[in-house]
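Dear colleague,

Please find the structure below, together with its sequence. My notes on one part of it follow.

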Amino acid sequence: MTRALIRRSIVGVFLALVIGGALLSGVAAQQAQNAGGWTTYAGSDSGQRHSPLTQITPANVGRLAVQWMFQTGVAGRLEATPLVVDGIMYLTGPDNHAWALDARTGRQLWHYRRQLPERLNICCGRVNRGFAMRGDRLYMTTLDAHLVALDSRTGNVLWDVEIDDYARGYTATVAPLIVKDKLIVGIAGAEYGVRGFIDAFDIETGKRAWRFWTVPEPGKAGSNTWEGDAWRRGGGSTWVTGAFDPTLNLVYWGTGNPAPDSFGDARPGDNLYTDSVVALDVDTGTLRWHYQFTPHDVHDWDAVQSPILADLTINGAPRKVLMTANRNGFFYTLDRTDGTLLRARPFVRTTWAQEVGRDGRPILLEANRIGPEGTITCPDVGGGTNWMSPSFNPATGLFYVTARETCARFYAFPQQFLEGHMYWGGAVENIPGEPGYGALRAIDPVTGLVRWEFKYPKPSFGGTLTTASGLVFAGEEDGNVMAFDGATGKHLWHLQTGASLRAAPMTFTVNGRQFVVVASGGTVVALALPDARNP
Amino acid sequence: MQGIPGTEMPAAQNADATPDQVWAVIAYLRTLVGPASGEDARGNAQSGETVFWGKAACGQCHMVRGRGGRLGPDLSRIGTARSRRALITEIRTPSTSMTAGFWPVTLVARDGRRTRGVRKAEDPFSIQIMDTSERLLSVDRSDLREVVQETRSLMPDYGPDRLTDAELDDVLRYLRSVGQAASTAGK
């Protein structure tokens with residue numbers, strides 16, 4: 001750490017502590033101190049990915065220019081959202097590499113690399129989606145299903161606990177969510193027939209506080225949606241960060257596909273709580289309510305997409321809602337106090353369900369049935385959207401999501417379960433000559449209707465960000481980071497970064513200058529207005 | 001993992017593999033390049049070379065060992081990279097198996113002018129093609145009225161009227177012999 005960096009940090013702390021003429025302490029001090037930072041995976045507990053920063057506006061975004069780039073130098077792609085606290089950026093990468101960078105210049109302060117076992121059961125990429133941070137500690141999940149705490153000033157390991165046994169197929173890529181005195185983490189591994197869960201760990205000691213199994217054992221609520229011992233290997237991963245409502249004391253988390261992915265005959269029933277959102281009491285892990293988007297899924301349509309919380313006026317009444325654009329192609333608005341369905345409407349072409357009925361269950365179509373002969377269904381296995389983060393701007397009232405217009409031929413066939421081995425029970429085939437396309441879509445969560453869209457040539461996996469100045473930033477598969485007018489969808493600016501964007505843009509302020517940062521391939525690109533000089 | 005430009009190998013960006021594992025796969029694949037099977041031994045390579053560069057005019061669009069056109073994929077290794085069955089399909093009905101980087105496209109300018117070629121790259125704001133004169137062009141979408149993604153390959157169907165079964169065997173034998181030489185040189 002340079003002397004200048006230390007000086008700025010000390011000044012920042014001093015200013016934070018005397019804001020308003022009163023001495024702040026604890027969380028309040030940290031919030032004031034980090035007002036211009038980006039301190040959690042989604043920028044806030046609500047998951048909105050909405051920044052209050054307004055230096056970059058629709059009028060000047062056309063002058064946005066690259067200020068620095070950081071090339072990780074390691075194989076694989078970045079899917080993480082970096083954190084920025086006190087002018088320092090904390091980034092996680094492939095194979096559990098991690099870095100601290102000077103957020104003003106991109107210069108590396110430290111580099112951490114975890115020694116991973118040689119044989120890992122990873123279905124879908126050796127990636128990580130980011131740190132959680134409190135005080136001077138960083139928290140990261142690992143590909144061998146551990147949770148580690150690092151010293152933010154050195155990258156040294158403070159403690160390291162096992163979440164579960166990687167040899168059985170468990171792995172972790174999720175950015176933890178810090179709520180009160182707990183670290184909430186999810187798990188991956190449904191493609192290996194694991195039994196999913198959400199864990200809470202004590203933030204100081206790393207001791208497990210509670211575990212919520214996403215697939216209940218016999219005798220527990222929801223167990224009547226399984227037959228025999230299918231629940232033991234029932235899937236229900238939880239690999240994307242959830243959201244938290246402090247007034248309701250509930251944490252909301254999406255759950256993944258049942259296992260095996262495609263051969264549903266191995267697990268008759270609705271298969272709760274897979275492909276659902278669950279609302280858990282954060283102190284105890286007790287389930288308050290759930291909503292299942294895709295009962296008895298056979299298309300690998302995880303419902304892990306980041307839930308977004310907001311307060312909306314619907315039919316003249318204020319509602320506390322949870323919004324999510326689901327991999328199954330439907331957009332949902334739920335009442336987050338009790339899980340009541342308020343709106344469900346397709347946001348991409350869907351051929352598996354006609355609509356979602358009044359009872360909250362999808363009304364299935366013939367294309368939902370798959371077997372060894374193959375069935376063409378839309379969306380494809382990647383879904384109408386996926387882990388790429390959506391965002392919400394309370395001012396426009398619009399939900400911004402990267403949509404994928406794709407179809408595929410799905411096959412299902414029996415497969416014997418072997419612990420630690422892929423347990424898919426089927427296959428998926430692209431349709432020759434039909435590559436599909438992508439789009440950034442703005443959805444009105446009250447009506448469920450798409451207000452505007454901007455098309456991409458390819459289905460994309462880039463996330464989105466909104467700002468209080470009315471901008472939407474997004475990334476796409478062919479390498480562009482782009483800015484749009486959030487109200488109209490007018491394209492305002494773009495930069496070709498040279499690699500596909502598989503992460504969401506984020507924004508922060510250092511020394512009075514607003515940066516927008518996005519990960520492109522294995523490179524971090526930092527953008528700012530050229531004339532917004534350091535004071 | 002980034003694919004091989006100019007060949008049928010696309011990028012495998014989603015592959016869950018370390019660099020060491022990728023090299024292991026490459027080493028394995030190289031062991032698969034072997035002598036022709038009995039079926040592949042049909043035909044006469046010398047006659048196939050004559051047909052390839054003469055009657056069938058394959059070389060107008062395809063390169064083999066540094067000679068030929070650029071509009072289609074380089075075929076120097078194709079004879080050992082694909083099965084006989086796949087190659088027959090690709091020659092008889094090329095529109096059923098078009099390769100990334102060679103998708104046919106027609107650009108329609110604002111004044112109605114049409115430019116035909118194969119798509120090399122694109123993004124939401126621009127498209128890059130090689131036109132039928134082998135010129136590499138970059139055009140902003142804002143300057144175009146339409147981008148027509150064709151479903152028919154620029155390569156015509158080589159049915160039995162254009163290429164008899166015997167001539168097809170000769171061409172396949174020629175490509176196989178060229179491919180084996182290229183693969184050996186690459187070891």
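My notes begin with strand β21 of chain A, which spans residues 330-335 and is mostly covered, six of its six residues being buried. Please bear in mind throughout that this is a predicted model.

Burial applies to both faces of β21(A). On one side lie Phe330(A), Tyr332(A) and Leu334(A), and on the other Phe331(A), Thr333(A) and Asp335(A); all of these residues are buried.

Strand β20 of chain A, residues 317-325, runs antiparallel to β21(A) and is joined to it by five bridges. Within this pairing, Tyr332(A) of β21(A) has Thr324(A) opposite it. The two strands make a hairpin in which four residues separate β20(A) from β21(A). The turn contains Gly329(A), whose phi is positive, at about 100°.

Strand β22 of chain A, residues 341-346, also pairs with β21(A); the sense is antiparallel and there are five bridges. Here Leu341(A) in β22(A) stands opposite Leu334(A). Five residues lie between the strands in the hairpin of β21(A) and β22(A), and Gly339(A) in that hairpin adopts a positive phi near 85°.

As regards confidence, the predictor assigns the complex an ipTM of 0.80 and a pTM of 0.87. For chain B, the average pLDDT is 85, and 81% of the residues score at least 70.

Yours sincerely

Technical notes: Residues numbered from 1 in each chain as written. Chains lettered and ligands numbered in written order. Predicted model: local features only at pLDDT ≥ 70, side-chain atom pairs only at ≥ 80, totals over all residues. Heavy atoms only, no water. pLDDT = per-residue confidence, 0-100. Buried < 20%, exposed > 50% of the residue type's maximum accessible area, 1.4 Å probe, protein only. Pairing = 2+ DSSP bridges.
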